[in-house]
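Colleague: Please take me through this model feature by feature. For each feature, give me the rule and then the case.

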Amino acid sequence: MPNILLEEIEYKIDRTGFGTWRRYGYIDGTSYHEFASHTKIFGLPLVHYTYGRNPETGRRKCAKGIIAVGRFACGVIALGQLGIGLVAIGHLSIGILFGLGQLATGVWAVGQVAVGLVFGLGQFATGYVAIGQFAFGKYVLAQFGSGKFIWTIKHSDWQAVEFFKNLPIIRDFLP
């Protein structure tokens, strides 16, 4: 079998009004798709999408754009198994403002493991306000937790109870 990394790649290219698709189909039935919008902001495409292994390198290509979607994504809004951006959503999401994923970081973080600066919500959560099964922060609502004001199954500070009862998202569900 010839090494396609040494050959000229013949992509199927479709130009639309919004952007350009590059596609390549491998002999084994797998494929590579990439979309980049024509609109660019600060040199990055408004939308960049990648799927599959790039035939030029044999590796997965990182989607880089204002809105980036791919297995590896880096952008203002990043969606991928590994997402890095201002807002990141993915299994491992490294968000500056907001992270949502199994392991999420950010000023606000929601995930199985949520490492938040201001707010963390997850099975394991950290943040100024932390809600979770295991939580650490200043105001903590958890099954097991540690912080200045905690509300757990074994301990409840009146400051923590008042704080959490007055949070709009919790207050709306109380009788």
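This is a predicted model: local features need pLDDT of at least 70, side-chain atom pairs count only at pLDDT 80 or more; totals for chains, interfaces and linings use all residues.

Colleague: Over how many bridges do β7 and β8 pair, and in which sense?

Modeller: β7 and strand β8 (residues 72–79) pair over six bridges, in the parallel sense. Within β8, Ala-78 is the residue opposite Ala-68. On to β6: strand β6 (residues 47–51) pairs with strand β7 (residues 63–69) over three bridges, again in the parallel sense. There, Tyr-49 has Val-69 in β7 as its bridge partner.

Colleague: What is the strand order in the sheet?

Modeller: The sheet is open, has eight strands and mixed pairing, and runs β1-β2-β3-β6-β7-β8-β9-β10. Its edge strands are β1 (12–15) and β10 (92–151), each pairing on one side only. From one strand to the next the twist averages 20 degrees; the axes are lines fitted to C-alpha atoms, for helices over the stretch in contact, and angles run from 0 to 180 degrees between N-to-C directions.

Colleague: Which way do side chains point in a regular strand?

Modeller: They alternate between the two faces of the sheet.

Colleague: What does Val-87 touch, leaving out residues up to four places away in sequence?

Modeller: Contact means heavy atoms within 4.5 Å. On that rule Val-87 touches Val-76, Ile-77, Ala-78 and Phe-98. Its relative accessibility is 25%, so Val-87 counts as partly exposed; buried means under 20% relative accessible area, exposed over 50%, and partly exposed in between (1.4 Å probe, protein chains only). From C-alpha to C-alpha, Val-87 and Ala-109 are 10.0 Å apart in space, and they are 22 residues apart in sequence.

Colleague: What makes a salt bridge, and how many are there?

Modeller: A salt bridge is a side-chain nitrogen of Lys or Arg within 4 Å of a carboxyl oxygen of Asp or Glu. The count is five. One of them joins Lys-12 and Asp-14, with the closest N and O atoms 2.9 Å apart. Asp-14 is partly exposed, at 25% relative accessibility.

Colleague: Which parts of the chain does the bridge between Arg-22 and Glu-34 tie together?

Modeller: The side chains of Arg-22 and Glu-34 meet at 2.8 Å, N to O. Arg-22 lies in strand β2 (residues 19–25) and Glu-34 in strand β3 (residues 31–37), so the pair ties together parts that are twelve residues apart in sequence. Arg-22 is partly exposed at 22%, whereas Glu-34 is buried at 7%.

Glu-34 also forms a salt bridge with Lys-61, at 2.9 Å between the closest N and O atoms. This pair links distant parts of the chain, 27 residues apart, with Lys-61 in the loop between β6 and β7 and Glu-34 in strand β3. Lys-61 is partly exposed, at 31% relative accessibility. A network of salt bridges links Arg-22, Glu-34, Glu-56 and Lys-61.

Colleague: Is the protein as a whole spread out or compact?

Modeller: The protein has two helices and ten strands. Its radius of gyration is 22 Å, well over the 16 Å that the globule rule gives for 175 residues, so the protein is more spread out than a compact globule. The radius is taken over C-alpha atoms, and the rule is 2.2 Å times the number of residues to the power 0.38. Along the principal axes, the C-alpha atoms fill a box of roughly 70 × 35 × 30 Å. Of the 175 residues, 35% count as buried.

Note on methods
Residues are numbered from 1 along each chain as its sequence is written. Side-chain values use heavy atoms; hydrogens and water are left out. Two strands pair if DSSP finds at least two bridges between them. Helices (H or I, at least four residues) and strands (E, at least two) are DSSP runs, numbered from the N terminus.
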